[in-house]
Each structure stands twice: as structure tokens, then as C-alpha cells.
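Trainee: Please take one part of this model and go through it closely. I would like the helix packing first, then its surroundings.

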Amino acid sequence: MIIVTGANGKLGRAVTEHLLERVPAAQIGVSVRDPERARHLEERGVRVRRGDFADPTGLAHAFEGASKILVVSTDSTGAAAVRHHRAAIEAAVAVGAERVVYTSHMGANRSSPFPPMPDHAVTEAALRDCGVAFTALRNGFYAASAAMLLEAAVRTGELIAPEDGPVAWTAHADLAEVAALALTEDELDGMTPALTGSEAIDMTGVAAIGARLTGRPIRRVVVTEAEYRASLLARGLPESAADLFLGLFAASRLGHFASTDATLARLLGRPPVPLADTLQATLTPLR
């Protein structure tokens, strides 16, 4: 049986849908914190069980009978994130899974200023030492994040952020399709190359695409980190979230998200979804 964790989230849900196109529903299970939200999957024949990385004792039941398990990285950071990921990996090994697949990141780096990246690097080390076959999907930076950053700019005409660098924005849908491939075929083993879109685009480029799609002028405005942080806090974001955003821009300036690789296109058998397509889907209601 193939188990998908976090199947109520955007990526996990999309992976499950792709799996349903590849294998019978009876061979798929999902581990979710809220089973009620996954009842639609149960109605289609998918096994639904409660599983929470913060409750390692319950993961044995959620993972029971698994041959392969997709560990979708949590939305926490720091020690909590590493603890959760290790708990899921250890539980997967304990139930006898033959392979653990983990959603890592192209920017995984212990010295990265973007908080989730050191967590991914430490988790990758835990995978290497887990004792079973593993795949670390080094996913490109989600294109949905660029769309989120652009939404306010469409309304104000200004995309305001600190100095940045190019990012290989990548669609959730493409990454979900490759995750399903990793769970059903032997194509990917160990650390993957960066699974990215075909182009790295900075905030000036994002603003230009947004302007073209909406027909509205959008000016890229560079501000200091202190100014940007103050603006985020003024909007009600907690300090931890503000620092997360600052870390994103700092890491992009260092080029941590700039590399592109042909692996994703090769695995998909087609070009990756362009950033403009993701932005268009998000911005259409705002036009």
C-alpha cells in the first residue's frame, strides 16, 4: 500500500489524485490530521486514517501495511519541523516500508537564511541514515508563492519587497505528478536534482508578467529589510512570519533558488507549467 501524508493539503491532495490515475484506490491510504476532511477520498475507496507527526504513537496505525510512504514536509520550522519529520521517517521504517519519499526543497541548505531550508537539509540527513530506500524530492519553489506576493501589487500598482534574486518558480501540479511517479515507479532514488520550472524569474520579472496579464501597470519597488519587516508587522503578521519572508528574499539574493534543471521536464514528458500560467489562474478574479 502507498501512504500519502498531509493529503488534505494542496500538494498531498494533488499527489493522491495522480495516484488514483495510476493504481487502484484500494492500494492507496492517506494519513491526515482531520479524517473528516478526507471522507471524499474514503468514498472513492482510499483508506483514510488519522496521523499526526506530533503524535508518533498514532503513526503506526496510520502507516500500517505501507510499502511506500510520502512524507510531506510540515508547515512548522526549526526543531519542531525536524522532530516531526524524523518521527514520520522512523514510523515508516518501523512498519516495514520499503521506500520513504520526502518532499524536500531545491534550496535545502544548513546555512540558508530561509528557515525551512536548514530543516530540509537535516531531514535529508535523517533519510540517508534511515536504513531503507528513500527519495528526497528537491522541489522547486512553489509558483503559488509568487502569486501570493503579486496579489496586493495588482491592487496598488506596486510590488514592494527587499532586493531579491531569480527563483525557479514551479507549479504544485507538476511536483505532485512527479511525486506520484516516485511512489509508483523506480525512476527516482536518493536525492533528486532540482525539480524546477524551466526559467528563473526575479520580482521585477514577476511584476512584468502580472502587468501583462492584468493590463495594469505594476512597478517593482525595492525597500530595505527593516522597512519591509515593519510593513509586515503593521499588517498584523507575527514576527516569525515576517522573518520568514525576509529569509526568503535573503536566500534568493544568494542564488539558492536560481538554478533550473531539465529533470522535471524529462520526468513529465513535457515542459513544466510556466509561471505566467500559475499567475494567470490566480489573478483572473482580480482583473
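Mentor: H1 passes H7 in a right-handed crossing; a crossing is right-handed if the near helix is turned clockwise from the far one by less than a right angle, and left-handed if anticlockwise. Helices here are DSSP runs of H or I with at least four residues, strands are runs of E with at least two, and both are numbered from the N terminus. The model is predicted: local features need pLDDT of at least 70, side-chain atom pairs count only at pLDDT 80 or more, and totals for chains, interfaces and linings use all residues. Residues are numbered from 1 along each chain as its sequence is written, and side-chain values use heavy atoms, with hydrogens and water left out.

The axes of H1 (residues 10-22) and H7 come within 8 Å and cross at roughly 50°. Axes are lines fitted to C-alpha atoms, for helices over the stretch in contact, and angles run from 0 to 180 degrees between N-to-C directions. H1 and H7 are therefore oblique to each other; under 35 degrees counts as roughly parallel, over 145 as roughly antiparallel, 65 to 115 as roughly perpendicular, and the rest as oblique.

Contact means heavy atoms within 4.5 Å. From H1, Lys10, Leu11, Ala14, Val15, His18, Leu19 and Arg22 take part. Their partners in H7 include His172, Leu175, Glu177, Leu181 and Thr184. By class, the H1 and H7 contact has 11 nonpolar, three polar and three charged residues. Ala, Val, Leu, Ile, Met, Phe, Trp, Tyr, Cys and Pro count as nonpolar, Asp, Glu, Lys and Arg as charged, and the others, Gly among them, as polar.

Threonine 170 is buried, at a relative accessible area of 1%; buried means under 20%, exposed over 50%, partly exposed in between, with a 1.4 Å probe and protein chains only. Beyond its neighbours within four places in sequence, threonine 170 touches residues including Gly140, Phe141, Tyr142, Leu175 and Leu264.

H3 and H4 (residues 79-94) pack at about 45°, with axes 9 Å apart. That makes H3 oblique to H4. H3 passes H4 in a right-handed crossing. Pro56, Leu59 and Phe63 of H3 meet Ala87, Ala88, Ala91 and Ala92 of H4. This contact has seven nonpolar, no polar and no charged residues.
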